[in-house]
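This report describes selected features of one protein model.

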Amino acid sequence: MAQLLKVLLVALSLGRNSIPRIRVALYGGLGASWRSYSRTRTGLMCPNSGIEVTPFYDLNDPNFLTCGKFDVVYFPGGGQPQQQRVIGTVGRNRIKKFLSDGCGYVGVCAGAYVAYGLGLSPFVDGPRPERQRKIGNTTIQFSHIGSKLLQRFGVTQENVDGVPFFYASGPVMKMLNETQWSNSPFSNPVPFITATSDSVPIEANYTGPHAGKGQILVAYSTYDHMGKVLVSGIHPETNPLNFPELSGPSAPCGGYYAKILQSFVYIAAGKTPTKIHYRTTEDHYWDQ
């Protein structure tokens with residue numbers, strides 16, 4: 001144990017003096033919103049982010065999505081049915097192999113729905129009492145483990161208290177109960193961020209007990225014990241948008257939105273000093 005701690009400390013001290021290189025395959029094909037795709041690419045490639053982005057438009061090439069070439073595959077907002085049709089059965093198997101080999105997946109909004117559709121995550125879309133979501137801006141709350149992790153990227157709860165994040169009819173998540181995923185390839189499910197808006201925009205017309213407040217917006221899990229999967233219902237690649245014009249600016253480099261966006265990729269790549277552990281559905285989440 002002492003030797004392991006020494007190795008980790010050396011690795012972290014080296015990390016402070018050099019920027020990790022994370023290679024991201026970013027989907028930009030059919031079903032990817034141009035706003036989400038282009039702003040994600042800009043936000044990930046901020047100066048000194050240590051992130052390299054390569055766009056792709058399908059997964060037909062059997063030699064493209066490998067851990068030798070990329071650390072993370074990223075599916076942005078847009079339309080989940082179109083994205084999943086492009087992926088197809090062959091692409092689904094290649095993504096699962098990519099994760100089984102130890103690499104990562106990030107899905108935002110439509111990309112999160114894609115993760116559910118491909119069977120990559122124990123988090124699924126939660127109830128929709130009005131069966132309709134709304135586009136808007138929502139405030140957020142970090143979980144304990146989310147707070148611990150995001151501090152390492154320069155973001156604290158105080159930084160985001162009352163700050164609106166763009167939400168575009170994405171998932172608000174619930175976790176499958178343990179019996180539903182105990183014999184599956186999922187493990188280590190951890191909520192990172194929940195919504196604090198009472199009803200808008202999670203539900204268009206509903207203000208009852210299942211409105212947005214307290215629902216999970218960002219969650220992490222592992223796939224086949226090796227792959228890291230992060231799914232998000234909010235869009236950190238953009239500043240809060242004006243309505244109905246949706247004309248707000250991209251997330252500026254160095255700001256909290258861009259830092260959270262970049263943290264998604266770092267966490268999915270396993271490039272964070274906090275190792276994530278999971279105990280039970282009742283209690284709770286911690287790090288060591």
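The buried residues of helix α4 are covered by several elements, including β3, α3, β4 (104-108), β5 (123-125), β9 (173-175) and β12 (227-232). The model is a predicted one.

Of the 9 residues in α4, 8 are buried, so the helix is largely enclosed by the rest of the structure. The buried residues are A110, G111, A112, Y113, V114, A115, Y116 and L118. Just after α4 comes G119, which has a positive phi of about 75°.

**The contact with α3**

One of the elements covering α4 is helix α3. The axes of α3 (residues 80-100) and α4 (residues 110-118) come within 10 Å and cross at roughly 50°. Angles from 65 to 115 degrees count as roughly perpendicular and those under 35 degrees as roughly parallel; α3 and α4 are therefore oblique to each other. Their crossing is right-handed.

On the α3 side, the contact is made by Q80, Q83, Q84, I87, R92, I95 and K96. These meet A110, G111, Y113, V114, G117 and L118 of α4. Sorted by class, the contact of α3 with α4 has 6 nonpolar, 5 polar and 2 charged residues.

**Salt bridges**

Side chains of opposite charge can pair when their charged atoms come close.

| Residues | Distance, N to O |
|---|---|
| R21 and E52 | 2.8 Å |
| R23 and D71 | 3.2 Å |
| K97 and D101 | 2.6 Å |

The salt bridge of R21 with E52 links distant parts of the chain, its residues being 31 apart. R21 lies in the loop between α1 (2-17) and β1 (22-27), and E52 in strand β2 (residues 51-56). R21 counts as exposed because its relative accessibility is 51%, and exposed means over 50%. E52, with a relative accessible area of 37%, is partly exposed.

R23 and D71 also form a salt bridge. Are R23 and D71 buried or exposed? Both are buried.

In the salt bridge between D101 and K97, D101 is partly exposed, with a relative accessible area of 42%.

Terms used:
Residues are numbered from 1 along each chain as its sequence is written. This is a predicted model: local features need pLDDT of at least 70, side-chain atom pairs count only at pLDDT 80 or more; totals for chains, interfaces and linings use all residues. Side-chain values use heavy atoms; hydrogens and water are left out. A salt bridge is a side-chain nitrogen of Lys or Arg within 4 Å of a carboxyl oxygen of Asp or Glu. Helices (H or I, at least four residues) and strands (E, at least two) are DSSP runs, numbered from the N terminus. Buried means under 20% relative accessible area, exposed over 50%, partly exposed in between (1.4 Å probe, protein chains only). Axes are lines fitted to C-alpha atoms, for helices over the stretch in contact, and angles run from 0 to 180 degrees between N-to-C directions. Angles under 35 degrees count as roughly parallel, over 145 as roughly antiparallel, 65 to 115 as roughly perpendicular and the rest as oblique. A crossing is left-handed if the near helix is turned anticlockwise from the far one by less than a right angle, and right-handed if clockwise. Contact means heavy atoms within 4.5 Å. Ala, Val, Leu, Ile, Met, Phe, Trp, Tyr, Cys and Pro count as nonpolar, Asp, Glu, Lys and Arg as charged, and the others, Gly among them, as polar.
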